Amino acid sequence: EERRGEERRGERGLEERRCTEGLRNLVGVGLEGEREGKGREGMKRKMRRLVGLVALATLALATPGVEAQLLSDLAEAAENLLVRPLEAAWDATFGKAPDAAGTVYLELLPNATETGALCLDGSPAGYWFRKGWGDGKDKWLVHLEGGGACYSMEDCYERSKTVLGSSKRWPTEQTRGEPIFSTDSAKNPDFYNWNAVFVGYCDGSVYTGNASEPAVVDGKSLYFRGKSILGSTMAQLNHRQGMLGASDIVWSGSSAGAVATLYHADWLGKRLGPNVETFRAIPFSGLVFSDGPNFQGENELSKMLQWAYKAMDLRFDSPCAKDHAGEEYKCGYPETAYRYIKTPVFLSNSVYDAWTVQNADNISKKTVRANQMNDVIPYLNGQARGTWDNITETKTWSKAGNGAFITSCMTHVGGLKNPGWDGVIVDGRNLRDSISLWMQGEPSRTTRPCQYTRAPPHSCNPTCPPSELQL
């Protein structure tokens with residue numbers, strides 16, 4: 001009996017020593033913290049150690065003779081491996097920015113072939129996403145990328161080889177430089193901690209094409225599926241990313257993305273979740289062309305728009321299509337779309353938009369002869385007056401809840417650059433503060449912008465940056 005008792009005590013002592021040694025080894029890893037490494041494999045190792053830690057902790061509590069200091073070390077190791085990572089995850093979601101740069105991460109649309117959400121070349125469309133935090137966790141900023149459009153099959157074919165026609169070379173993550181994506185509350189007081197979505201532009205049809213069958217150029221299929229891309233993106237944001245539970249949504253866009261915002265804000269507004277309290281639109285440089293002759297007296301953009309309407313099967317869902325039966329393509333003019341939009345909208349635009357001057361007006365060093373130079377400024381001033389009159393004479397302009405920041409700067413999407421965001425002053429206020437005022441429900445519209453002078457440097461607002469177009 002005495003020998004058997006000694007054997008049992010020896011076995012229990014050996015068990016205690018083994019337990020203590022195992023705990024020390026594991027606790028040492030937990031205390032060191034970073035030995036597991038980073039990335040997917042590092043996470044796997046950390047999880048295996050965490051499971052082992054829990055198992056040994058259970059054994060330790062049931063084993064007499066385990067050192068008190070070791071149990072204390074065990075608690076600290078558990079905090080390193082479990083508590084602190086959970087706290088970091090919580091902070092990233094609810095407390096502080098995921099990173100100072102505000103990086104957004106790529107999400108390609110699943111089942112793109114079935115839903116038709118395809119880029120020009122047939123690759124899946126997608127978006128980049130950053131989760132909101134703090135009081136912005138239920139608020140969403142969705143921004144449509146710009147990048148012109150293609151207006152012939154040959155042009156669309158070439159475009160399909162670029163990042164504006166294919167997602168094959170899209171980066172998996174990117175840091176957006178626009179101030180509206182900044183995570184600095186001083187630079188971006190309204191949206192710094194909102195869920196941020198940057199929708200990639202790859203359909204060439206201003207997010208409006210709806211052709212059921214692809215066109216074929218040189219044996220390659222071209223897909224005009226912009227409308228399907230918008231619908232699928234909306235569905236993914238609602239059901240995969242949580243936008244269905246949003247309280248506030250701002251839909252914005254730049255250039256072609258701004259034009260699409262004017263086209264489709266009302267259509268998108270019908271697909272919101274039940275908790276949305278406010279849905280607004282901010283097109284940055286969406287008023288880029290109108291139905292009229294260029295500097296040479298021709299209306300080339302009208303011909304291009306008519307071609308795109310038929311070839312891409314452009315779809316406009318507002319009452320505009322009924323009002324222009326037989327000439328539905330005219331709903332593609334941004335100024336026309338502005339007349340019909342019901343969603344609260346804030347325009348950020350220049351009446352001397354650099355893209356408009358070079359492309360719609362066809363004014364550049366190559367297209368204007370020397371003996372025509374004296375006519376350029378009067379022509380531009382006339383175009384600026386026409387743009388201003390066309391938008392301010394609408395009911396949309398004066399409707400409660402709408403706003404605008406209209407400048408005389410020769411820039412394109414100037415509001416999403418510096419100094420256009422906070423340095424250009426109109427009526428004593430910059431764009432950032434004007435948007436903030438509008439977001440608070442206050443009236444925020446600028447008055448008629450100044451006009452260019454015949455004498456250089458022509459620009460009439462000293463806070464504007466240098467002209468992006470040199471004549």
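The legends below accompany close-up views of a predicted model.

**View 1. Confidence across the predicted model.** The mean pLDDT of the protein is 88, with 79% of its residues at 70 or more. Residues 29-38 form a stretch over which pLDDT stays under 50, although the model places 18 contacts there beyond four places in sequence. Residues 90-95 likewise have a pLDDT below 50, and this stretch has 14 contacts in the model beyond near neighbours in sequence. Where pLDDT is low, the predicted coordinates should not be read in detail.

**View 2. Helix α12 and the elements that pack against it.** Helix α12 runs through residues 373-392, and its 20 residues reach 30 Å from the first C-alpha to the last, which is close to the 28 Å expected at 1.5 Å a residue. Its buried residues are V376, I377, Y379, L380, N381, A384, T387, W388 and I391. These buried residues pack against the helices α10 (334-340), α11 (354-360) and α13 (395-398), and also against the strands β10 (346-350) and β11 (403-407).

**View 3. L380 and the largest nonpolar core.** The largest nonpolar core holds 113 residues, among which F191, L380 and I435 touch the most other members. Helix α7 (residues 256-269) supplies the largest share of this core, with eight residues. L380 is one of the buried residues of α12, and, when its neighbours within four places in sequence are left aside, L380 is in contact with Y352, V357, D361, I363 and M410. In soluble globular proteins, nonpolar side chains tend to be buried together.

View 4. Helix α14 (residues 431-439) is mostly covered, seven of its nine residues being buried, namely L431, R432, S434, I435, S436, W438 and M439. The elements that cover these buried residues include β8 (248-254), β9 (278-284), β10 and β11. Just after the helix, G441 takes a positive phi of about 90°.

View 5. P189 is placed in the loop between β4 (173-175) and β5 (195-199), and it counts as partly exposed because its relative accessibility is 36%, a value between the 20% and 50% limits. Although P189 and R432 are 243 residues apart along the chain, their C-alpha atoms are separated by 8.3 Å. Beyond its neighbours within four places in sequence, P189 is in contact with R432 and S436, both of which are among the buried residues of α14.

Conventions. Residues numbered from 1 in each chain as written. Predicted model: local features only at pLDDT ≥ 70, side-chain atom pairs only at ≥ 80, totals over all residues. Heavy atoms only, no water. Helix = DSSP H or I, 4+ residues; strand = E, 2+ residues; numbered from the N terminus. Expected span 1.5 Å × (residues − 1). Buried < 20%, exposed > 50% of the residue type's maximum accessible area, 1.4 Å probe, protein only. Contact = heavy atoms within 4.5 Å. Core = buried A, V, L, I, M, F, W, Y, C linked by side-chain atoms within 4.5 Å. pLDDT = per-residue confidence, 0-100.
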